[in-house]
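User: I have a structure open and want to learn how to read it. Can we take it feature by feature?

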Amino acid sequence: REYLALDFNVKEQELESTIDDFIAFSFLIGNDFIPYFNDIDIRTGSYDEIVNVYKMIREINPSHLVENGEFNKDVLKLFLQKIIDLFHKKYKEDNELNESDEEISRIINENNRKFVLEKFKVPEEELDDLIKNLSISILDAFDWVLKYYREGCPSWKWHYPYHYAPPLELVIPYIDEHESEFEEEYPNKPLLQLLAVSPPQS
């Protein structure tokens, strides 16, 4: 808490809101419930860059990423878009490309779509539907984990249903239309839970 207060130059209620934001944008590197994003690699400094992007948007936007216990969609969109813009710039520099920003965006978007096709082995005509389902599911995951950390488990039957997270830029177009709905249900009984988490050979 002291380090964050110093690093982000905040205190009191602004510190509490910043801690909520810090926890929320840490979802981008994955956790027990969310797979990591292939385009974010903490070993190469991506997380430091994400922190710096957060600091930048805090300077231009007084709103927080998390407000009243929920993601602020406008801030989430701005935050993710700034991260993508940074990644595009790095891609251009690392590959020493002279193409326009628009062309760089096209290349990266095409690469991201190829990534989804390769990982999920679906026919190309099903790709757009899959991208939408992946994006909605990962946004559900953000909401579920945020509620889980702040208030307790919002649903005992929810899970992220895919092995991989979608490329980050593919998620952005679905933020506005996304609304998560969780069915509370009940936790598994102890024996069933043990069976569910044990390896098959056990």
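User: What share of the residues counts as buried?

Analyst: Buried means under 20% relative accessible area, with a 1.4 Å probe and protein chains only. Here, 40% of the 202 residues count as buried. This is a predicted model: local features need pLDDT of at least 70, side-chain atom pairs count only at pLDDT 80 or more, and totals for chains, interfaces and linings use all residues. Residues are numbered from 1 along each chain as its sequence is written, and side-chain values use heavy atoms, without hydrogens and water.

User: How many helices and strands are there?

Analyst: Both are DSSP runs: helices are H or I with at least four residues, strands E with at least two, numbered from the N terminus. This chain has 8 helices and 2 strands. Their order from the N terminus is α-α-α-β-β-α-α-α-α-α.

User: Which residues lie nearest the centre of the largest pocket?

Analyst: A pocket is an open set of points on a 1 Å grid over the protein atoms alone, where a 1.4 Å probe fits, with protein on both sides within 12 Å along at least five of seven lines; lining residues have an atom within 4 Å of a point. In this case they are Asn-38, Asp-39, Phe-87, Tyr-91 and Ile-108, out of 20 lining residues. Helix 3 (46–60), helix 4 (73–94) and helix 5 (101–120) each give two or more residues to that lining. Helix 4 gives the most, with 6.

User: Which residues are nearest the centre of the second largest pocket?

Analyst: They are Phe-33, Trp-144, Ser-155, Trp-156 and Trp-158. The lining of this second largest pocket has 13 residues.

Definitions and conventions
Buried means under 20% relative accessible area, exposed over 50%, partly exposed in between (1.4 Å probe, protein chains only).
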